[in-house]
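Below are some points on this model, set down in the order in which I would read them. Please keep the structure open alongside.

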Amino acid sequence: MFVFSLSSTLLLAATCSLISADSLTICDDSISVQRLSCDSGVISVQGALYGRADRVTCSEGRSPQQLANTQCSQRGTADTLRRRCNGKKVCELNSDVVRTSDPCYGISKYLQTNFTCLPAIHLVACEGSYATLRCDVGQVIELYGAHYGRLDRSICSFQRSVNQLQNIYCSRPVSRVAERCNGKNSCAIRASNAEFGDPCYGTYKYLEVSYTCLYPA
């Protein structure tokens with residue numbers, strides 16, 4: 001699966017202009033949802049841990065044996081969250097998203113996510129329409145992320161039936177926008193199943209794109 005990466009130039013620019021930073025934690029047996037959000041800009045996951053790195057976090061009601069292993073982490077957690085959340089303004093998830101195995105049997109685990117909000121141009125194109133990415137003269141497009149599907153009932157809902165808006169757990173990162181648009185001054189791409197496949201049959205979908213404009217190195 002494709003992971004959007006930031007060039008060294010973009011990383012330097014982003015580091016110098018971060019507008020917020022945060023860390024969120026949910027315990028493994030919690031019904032809570034971890035909600036990453038940016039009032040301004042888009043999400044960039046800096047790191048994530050599923051496992052245990054200390055004896056204090058999510059320790060209430062746990063035995064000493066359940067807290068003993070503080071070098072417990074599941075590989076690939078940060079990459080999974082980057083694919084799911086990078087480039088979005090809001091991303092909701094729980095530990096089920098990353099719990100593909102048990103990195104330390106018998107240990108009480110938690111999901112901890114560190115993220116920042118990066119300045120970005122954020123576009124939404126309803127299914128059947130075009131997302132048009134544009135930069136000023138002399139600048140080129142550098143994509144933060146693109147996702148196709150539906151995670152919200154209100155976006156692109158005009159004159160749509162309830163059935164077409166019901167599934168809000170349907171979205172996947174798509175690589176074609178980066179392949180088509182990175183390094184160009186402008187780019188248009190259609191939000192359609194023909195371009196990206198159909199992640200949820202019968203649901204009216206949209207394409208969510210976040211990018212920045214850079215002067216070529």
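Is Cys-58 buried or exposed?

1. Cys-58 counts as buried because its relative accessibility is 16% (buried means under 20% relative accessible area, exposed over 50%, partly exposed in between, with a 1.4 Å probe and protein chains only). The residue lies in the loop that runs between β3 (42–52) and β4 (72–73). Helices (H or I, at least four residues) and strands (E, at least two) are DSSP runs, numbered from the N terminus. Cys-58 is not a glycine, yet its phi is positive, near 50°.

2. On provenance: this is a predicted model, in which local features need pLDDT of at least 70 and side-chain atom pairs count only at pLDDT 80 or more, while totals for chains, interfaces and linings use all residues. Residues are numbered from 1 along each chain as its sequence is written, and side-chain values use heavy atoms, with hydrogens and water left out.

3. Gln-159 also has a positive phi without being glycine, near 60°. Its loop connects β9 and α3 (162–165). Gln-159 is exposed, at 70% relative accessible area.

4. An open sheet is built from four strands in the order β7-β12-β9-β10, with antiparallel pairing (two strands pair if DSSP finds at least two bridges between them). From one strand to the next, the twist averages 25° (axes are lines fitted to C-alpha atoms, and angles run from 0 to 180 degrees between N-to-C directions).

5. Within that sheet, β9 (residues 140–150) and β12 (residues 206–214) are joined by nine bridges in the antiparallel sense. His-147 has Glu-208 of β12 as its bridge partner.
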